[in-house]
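Let's take a walk through this protein together.

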Amino acid sequence: MAMRIVAESARLLGAPRLIPIASTHIDGALYHGDSGTLFAERLVEGGAKVAVRSTLNVGALDLMGCSRIRLEEPRRGMARRMMEAYRKLGCEQSWTCAPYQAGHRPAQGSDVAWGESNAVVFCNSVLGARTNRYGDFLDIACAITGRAPDYGLHRPDNRRARLVFDVSGLSPSFLASEIAWPVLGSLYGREVGNAIGVVTGVAGHPGEDALKAFGAAAASSGAVGLFHIAGVTPEAPDAETILAAPEPEAVIRVTPEMVAKARGGLSTAAAPKAIDAVAIGSPHLSPAELDSLERLIAGRRLAVPIYACTGRHALALLEQDGGRKRLEGSGVVIVADTCVVVTPIMPDLGNGVLMTNSGKFAHYAPGNTGYAVLYASLADCVESAVLGRPVFTDIAA
Amino acid sequence: MSAPAEILVPGKAGEGEALVLTAPISFWGGVDPKTGRIADVRHPQHGEVIAGKVLFLPGTIGSSSASAVLMELVHNGRAPAALVLHEPDAILLLGLISAREMGWETPMAVRLERDRFDGFRDSRTVVDTNGSIDLVPNTYDRPA
């Protein structure tokens, strides 16, 4: 069954052959309804096991017991059966959308089959490993067969940039700010769609968490599977090296106006007087991001909860140093193994307002949670949670 | 209006009102798997229901769980009557491939040039098992 799915996908995509893969990251274990559970259990019944290292993306339950998931029976039981089926298939119980920060970092140039749009884009762009955007069910089918269709981003020629996304027209202070990367990512995804571009005009490495935020936002607003940043990402020592032709097909010169519009587009709430919650951690928070959160809260009591979504890899470190207790003491709700847009965690308010620093949460929260969103920096999110009303620091592009 | 189209994933012939989306969509987070309603508030067709429609897609974006949402729509009897895409979508169509493996009846997915989508807008449309896409003649215009 797994090989038929891989072969049928290869036919659909026009791939001439299958290639061996080194690992997979599997997005198929998130409960969307009974069909996915039945599919995974069919594989288990057939005696299937993964042939390569396979980490799991988020599930619909917080198996660490940090947060209360409002998923009622029988859906709760079906979600648990689904997670159990993927465990039986031999997948690692990583339960994170940031596997690349949980020790799963394939070597540059290796072929892998990853799902979860942000993980795919990070794997290709920041690690330089080669994967297409593997959809649910093909990811596990590739894991079981150890093979993937040879097409798309597995082929070096298809990894070259055709567009230039030039941010040199933006102020250095904006580019150094935390909101620059999710906002630019959202704009980038909308501008390039599924094309491959190279970002130019970036002075230095903005840090792994910034690239994580850029990729996640770009993969939400577009179909981005790979980006390059000249002088930063491994396949683009400079723009010329990675461009497919001497002249790019188009140059997108990013202006402060474009940035302001993209930033505005991340919010759907119209000037609310109060907020009901803050959600951060899409992709899952790294230990460094959890440190920033604790530093910004500085022991104060929050008026509205901050839902801080992370993986068990970061939770273990947080518990070791007592950070979990301190954060929860302030009113932070730690969410592990899952997140607030994939399963019901936040109260069903009907017209709630959610503040977030994540371009990806900003994109999906309105449709998945019913909350209107306000986009802001982490610092503004924390101040707003302390006061219970939105506070914005002006950061001009 | 009639167009021969290439079959991407074979399935059951389908008839329904054509719903031509004017912007790409992420099925996960964009379509409610229980009802088939377009839930993405930023999408131009927000609030429309894709169940039973001949769905013309200008492209898909976003999550790699689009396949799971489509398979769930099939399982819940809320799938489109047929899908018309301008290029094969490796993620979305896996939902049909996997549903077929489960033995469930799936709609056809066919390929058509994007500039031909408009000719079908809001018209009753049928997609045959041979891949052809045709307007269903208005019953009032039919000769007796």
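Start with the second largest pocket, which has a volume of about 870 Å³. Keep in mind that you're looking at a predicted model. Around this pocket sit 35 lining residues, and nearest its centre you'll find Arg75(A), Val342(A), Pro344(A), Asn368(A) and Lys34(B). Two elements give two or more residues to this lining: α14 (359-369) of chain A and α1 (66-75) of chain B. The largest share, 4 residues, comes from α14(A). Sort the lining by class and you get 18 nonpolar, 9 polar and 8 charged residues.

Now move over to the largest pocket, with about 1100 Å³ of space in it. Its lining is made of 42 residues, and those nearest the centre are Arg133(A), Asn194(A), Ala223(A), Thr60(B) and Glu87(B). Helix α7 of chain A, residues 180-192, gives the most to this lining, with 4 residues. Here the classes come out as 19 nonpolar, 14 polar and 9 charged.

Next, let's look at a pair of helices. In chain A, helix α11 (residues 287-297) packs against helix α15 (residues 378-387) at an angle of about 45 degrees, and their axes are 10 Å apart. That angle is why α11(A) and α15(A) count as oblique to each other. Which residues make the contact? From α11(A) come Ser292(A), Leu293(A), Leu296(A) and Ile297(A), while α15(A) brings Leu378(A), Ala379(A), Val382(A) and Glu383(A). By class, this contact between α11(A) and α15(A) has 6 nonpolar, 1 polar and 1 charged residues. As for handedness, α11(A) passes α15(A) in a right-handed crossing.

Key. Residues numbered from 1 in each chain as written. Chains lettered and ligands numbered in written order. Predicted model: local features only at pLDDT ≥ 70, side-chain atom pairs only at ≥ 80, totals over all residues. Heavy atoms only, no water. Axes fitted to C-alpha atoms, helices over the stretch in contact; angles between N-to-C directions. Parallel < 35°, antiparallel > 145°, perpendicular 65-115°, else oblique. Left-handed = near helix turned anticlockwise from the far one by under 90°. Contact = heavy atoms within 4.5 Å. Nonpolar A, V, L, I, M, F, W, Y, C, P; charged D, E, K, R; others polar. 1 Å grid on protein atoms, 1.4 Å probe; cavity = no way out; pocket = protein on both sides within 12 Å on 5 of 7 lines; lining within 4 Å. Points joined across faces, edges and corners; volume = space filled by probe spheres on them.
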